[in-house]
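This report covers the salt bridges in the structure shown below. It looks at where the paired side chains lie and how exposed they are.

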Amino acid sequence: MLKGAIAHRYAQALFEIALQGNLDAIEAELQELTQLIEQNAEVAHVLYHPHISLSEKKDLMKKIFAGELSVTVGNFLNLLIDRRRQNYLPDIAQEFARLADGARNIVEAKVTSAVPLNDIQEQRLQKELVRITGKNVRMVKEVRPELIGGVMIKIGDRVMDGSVAFKLQRIRQSLSHA
């Protein structure tokens, strides 16, 4: 089964449970758990090592995260270990965040520009993206000087490229086909 499909299935299951409880708390806890595992090589080694038994992994995780994990997230981690899916945890956390954003009517827009946007430009762009999408927008900004000028926006699978580099490329293509 594809990595994304597995991550989506587990994230969806946890998301449905989280909707009955506290979505924000479970999302934050899942993100913290994922970051702690990614930042601590020893914990990651124990969790991902194929020759450490499932019961040893669960016991070690219980000791490491004693009192820090809610029952829901603790049981979820144990389920992942039991099913040998713990290596999908970062993808599951990312998919869970996407589902939680959807429930909150939030969409993420990746905004790439040649130079950093000033506050006024950001506010205008934010307003326009809210108008276009009909949702609250969380902007993730990136600066790439090779765009020369303008801005490129990616929301989900949709890309709006208003960069000078893209316009020059289109002119080049039209001249070569003429």
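Glu 27 has a relative accessible area of 14% and is therefore buried (under 20%; exposed is over 50% and partly exposed lies in between, with a 1.4 Å probe and protein chains only). The model is predicted, so local features need pLDDT of at least 70 and side-chain atom pairs count only at pLDDT 80 or more, while totals for chains, interfaces and linings use all residues. Residues are numbered from 1 along each chain as its sequence is written, and side-chain values use heavy atoms, with hydrogens and water left out.

Glu 27 pairs with Arg 104 in a salt bridge (a side-chain nitrogen of Lys or Arg within 4 Å of a carboxyl oxygen of Asp or Glu). Arg 104 sits in the loop between helix H6 (89–103) and strand E1 (106–113), and Glu 27 in helix H2 (residues 23–39), so the bridge ties together parts that are 77 residues apart in sequence. Helices (H or I, at least four residues) and strands (E, at least two) are DSSP runs, numbered from the N terminus. Arg 104 is partly exposed at 26%.

Both residues belong to a salt-bridge network that also links Asp 24, Asp 101, Glu 108 and Arg 138.

| Pair | Closest N to O distance |
|---|---|
| Glu 95 and Arg 98 | 2.5 Å |
| Arg 131 and Glu 128 | 2.3 Å |

Glu 95 and Arg 98 are three residues apart in helix H6, about one turn of the helix. Glu 95 is buried at 15%, whereas Arg 98 is partly exposed at 48%.
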